[in-house]
Amino acid sequence: MSIRRQEGLLLLLAVLVALVTLFWHIGSYPLIQPDEGRNAEVAREMLDTGAWLVPLYNGMAYLDKPAFYFRTVATAFALLGESETSARLSSALFASALLAMVYAFCRREYDRRTAALALLVTASAPLFLAFARIVIFDMTLAFFVSAAIFSSYLAEADGGGQRRKWYAVAAACGAVATLVKGPVGFLLPILVMVAFNLLDRRRGWVKFAFAPRNFLIFLAIVLPWFIGVSLQRPDFPYYGLVKESLERFTSDEFRRS
């Protein structure tokens with residue numbers, strides 16, 4: 001058997017494993033409490049009331065997380081009706097998109113065999129499967145955080161004129177990740193990017209990574225949401241930035257976890 005045929009069969013196996021593990025009987029079991037039930041209910045109320053900017057939970061403003069992920073679930077409800085399958089579809093689709101991105105990145109940097117193996121390993125990882133099949137933010141967050149990290153890597157790998165382009169893409173992805181789950185969406189890519197460039201002893205990356213244009217891209221995506229929510233709920237800036245972010249990150253419970 002030729003090497004190309006072996007690679008094709010390996011890719012086919014990886015895709016089949018991914019499809020089965022992500023979508024097989026995805027709606028055959030009830031929503032798991034409390035997270036799945038709460039997140040699905042927020043999305044249901046969003047669709048029912050049209051409160052797309054400030055989500056509601058049991059009729060009250062739900063400021064713990066941004067609205068982006070709830071919108072994806074609410075959109076699935078609007079298209080397919082309310083069910084366990086449609087509630088979990090957003091996570092499964094973002095997981096599929098993440099697998100496709102992992103494959104494309106590894107094929108670009110290595111070869112088809114490595115890319116197929118990376119897809120297979122990722123698709124069969126227990127935590128990946130768990131988060132891909134429940135109504136929770138993490139898989140959507142993982143997609144945009146990974147996109148920001150991959151883009152930052154490509155900025156340095158390609159160099160030259162491609163640096164500005166890839167860092168701009170990274171800034172946009174970090175901004176959308178922030179709309180999914182708050183500050184962790186941009187903090188994680190920055191930590192990985194800084195560690196990679198320092199350990200690799202790369203020079204000149206700071207002025208490209210933190211160029212004013214990238215800050216403007218980030219703010220152009222995040223600020224409309226932040227300002228809009230703050231206008232509707234004046235208590236949001238303190239609650240979101242201090243109570244939900246700063247105090248949680250510095251709490252004893254967070255450090256223990």
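I looked up the second largest pocket: 18 residues line it, and Ala171, Ile190, Ala209, Phe210 and Phe218 lie nearest its centre. A pocket here is an open set of points on a 1 Å grid over the protein atoms alone, where a 1.4 Å probe fits, with protein on both sides within 12 Å along at least five of seven lines; lining residues have an atom within 4 Å of a point. The model is predicted, so local features need pLDDT of at least 70 and side-chain atom pairs pLDDT 80 or more, while totals for chains, interfaces and linings use all residues. Residues are numbered from 1 along each chain as its sequence is written, and side-chain values use heavy atoms, without hydrogens and water.

I then checked which helices (DSSP runs of H or I, at least four residues, numbered from the N terminus) contribute. α7 (138–158), α8 (162–181), α9 (184–199) and α11 (212–232) each supply at least two lining residues. α9 gives the most, with five.

Next I looked up salt bridges (a side-chain nitrogen of Lys or Arg within 4 Å of a carboxyl oxygen of Asp or Glu). I found nine by this rule. Glu109 pairs with Arg108 at 2.6 Å between the closest N and O atoms. Asp158 also forms a salt bridge with Arg108, at 2.7 Å. Asp158 lies in α7 and Arg108 in α4 (residues 84–109), so this pair ties together parts 50 residues apart in sequence. Shared partners join Arg108, Glu109 and Asp158 into one network.

Last, I noted Glu156 and Arg163, which meet in a salt bridge at 2.7 Å, N to O. Both are buried (under 20% relative accessible area, 1.4 Å probe, protein chains only).

Key
Buried means under 20% relative accessible area, exposed over 50%, partly exposed in between (1.4 Å probe, protein chains only).
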